[in-house]
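This briefing looks at the open space and the nonpolar packing in the structure shown below. Please keep the sequence at hand while reading the points that follow.

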Amino acid sequence: MMSLAERANTVRELFEQVDRLWDSYVGEVKKVLREWGRLRPLLAERLSVLRSRIASNLEEMQELNLKLELGLVDEAKARRRLEELNAETPKLVRELEELWVLTERITRDSILHMKRAGIPVDISEEDVVSKEREAEECFKASVISRETFERLKEILAEQLAALKPLSPD
Amino acid sequence: MASAGVCPGLYRVRNKFYCRYAKDAEVDPAFMPCVAEYWNCEFYKRWKAEERKQQAPEVVPPRVEETSIAKVEVARPQPAVPLPPPQPAPLPTADEIEELIQRAVELGRLWESYEREARAVIDAWEEVRARLRREIQSLEKSIDAYAAELERLELRAKMGMISEEEFEEIKASIDAELSKRVSLRDQLEKRLGDLDRVVLPHFKRIKAAEAKPEIAKLRLALAKLDQKLKSGEVSREVYERLRSELEDKIRRLERIREEVEE
């Protein structure tokens with residue numbers, strides 16, 4: 001039978017272990033956040049380029065079709081360019097959708113872990129709302145599919161929820 | 001006025017044309033009156049005037065007779081020497097005429113070949129130009145994104161969310177990417193400018209001949225575009241974009257037409 005002192009020591013050791021685990025958790029969070037800090041500019045840049053390129057391809061396709069109707073362009077050349085755009089655009093859309101969803105999932109996870117680890121969060125509710133607007137505009141301009149838009153909306157809603165103060169329990 | 005034909009001062013060395021009357025300077029017969037109305041050309045007129053001057057009899061100033069104190073002679077009027085009648089210019093030989101015809105035919109052939117080549121270059125230029133513009137647009141987006149990330153990073157550093165070391169490391173990597181893109185964008189813009197500078201003279205030459213019908217065609221397309229907007233076949237956004245593009249083309253062609261007519 002353990003004495004009271006022995007039992008108290010066991011509890012103290014458990015707390016020490018919890019502290020070590022906590023320190024290790026916070027350390028890991030910081031490590032991942034540093035990696036995320038390095039990756040984020042590259043992702044932000046690629047997403048921006050992809051959105052712009054897809055929007056410009058879609059505009060060009062609309063205009064080429066209209067110019068063909070108005071007899072303003074050489075038909076063979078216009079058809080060739082339309083083929084190129086038709087081949088290139090879906091690939092860009094797939095890349096954009098995949099990277100955008102991934103970026104927002106990582107952002108959501110980063111908010112959760114920063115809050116848990118007591119690290120100040122570098123994203124505001126306004127930022128999330130503005131991202132929602134951008135996703136909606138992209139969907140309306142056919143830059144992303146409805147499915148991706150819905151998925152993004154879901155993740156952005158989770159980001160907003162994660163930004164709310166943690167409940168005491 | 002001289003008869004229609006090729007200026008006698010025009011000659012060709014390989015693919016280039018030169019003018020005897022302009023100190024053998026290189027000329028472009030498409031833009032000089034060498035083939036038609038060459039008698040209006042300033043070089044030709046100057047040469048012609050020189051030629052007339054040389055054909056006219058030389059006016060000899062009256063010689064002052066030497067006088068001496070010992071011998072005084074009164075100069076007697078000399079009988080006027082009749083001028084020889086002006087010699088008619090020798091008729092060009094059949095060979096000369098044939099040679100001129102051949103040169104004019106050759107000019108036509110050269111012009112056709114130039115026009116074909118210039119059109120091919122202009123077509124390729126329009127495609128390359130559009131691609132360069134798209135690339136520059138992408139680079140602008142890229143530069144904006146990196147600039148925004150840099151601002152965000154500075155803010156995080158100011159708030160103490162990242163260490164100084166971490167800030168410097170990420171900032172250096174963003175700066176490197178940013179400067180790569182800025183330099184690439186500047187390079188592409190410069191190349192676009194270089195390209196425009198060499199192709200535009202050919203564009204003007206080729207388009208000058210067809211400016212009028214082209215403008216009429218574009219105006220018709222504008223009217224059709226208006227109808228499409230009214231009937232709801234195109235969105236306001238697409239309409240505005242295309243309208244501004246067509247108006248821009250019309251303005252450009254009008255400028256070319258004005259330059260040619262001047």
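In this predicted model, the lining of the largest pocket draws at least three residues from each of two domains of chain B, namely domain 2 (126–205) and domain 3 (208–262). The volume of the largest pocket is about 1,800 Å³, and 40 residues line it.

**Lining of the largest pocket**

- The residues that lie nearest the centre of the largest pocket are A:Lys67, B:Glu126, B:Ala130, B:Glu245 and B:Lys249.
- Two or more lining residues come from each of helix H1 (4–69) and helix H2 (75–117) in chain A, and likewise from each of helix H2 (94–158), helix H3 (164–230) and helix H4 (236–261) in chain B.
- With 12 residues, H2(B) gives the most to the lining of the largest pocket.
- Sorted by class, the lining of the largest pocket holds 26 charged, 11 nonpolar and three polar residues.

**Nonpolar cores**

- In soluble globular proteins, nonpolar side chains tend to be buried together.
- The largest nonpolar core has 25 residues, of which A:Leu33, A:Ile54, A:Leu96, A:Trp100, A:Ile119, A:Ile144 and A:Leu152 touch the most other members.
- This core takes two or more residues from each of H1, H2, helix H3 (125–140) and helix H4 (146–163) of chain A.
- When neighbours within four places in sequence are left aside, A:Ile54 is in contact with A:Thr89, A:Leu92, A:Val93, A:Leu96 and A:Val143.
- A second, separate core is made up of 17 residues, including A:Leu70, A:Leu72, B:Ala221 and B:Leu225.

Conventions: Residues numbered from 1 in each chain as written. Chains lettered and ligands numbered in written order. Predicted model: local features only at pLDDT ≥ 70, side-chain atom pairs only at ≥ 80, totals over all residues. Heavy atoms only, no water. 1 Å grid on protein atoms, 1.4 Å probe; cavity = no way out; pocket = protein on both sides within 12 Å on 5 of 7 lines; lining within 4 Å. Points joined across faces, edges and corners; volume = space filled by probe spheres on them. Helix = DSSP H or I, 4+ residues; strand = E, 2+ residues; numbered from the N terminus. Nonpolar A, V, L, I, M, F, W, Y, C, P; charged D, E, K, R; others polar. Domains from an automatic or database assignment. Core = buried A, V, L, I, M, F, W, Y, C linked by side-chain atoms within 4.5 Å. Buried < 20%, exposed > 50% of the residue type's maximum accessible area, 1.4 Å probe, protein only. Contact = heavy atoms within 4.5 Å.
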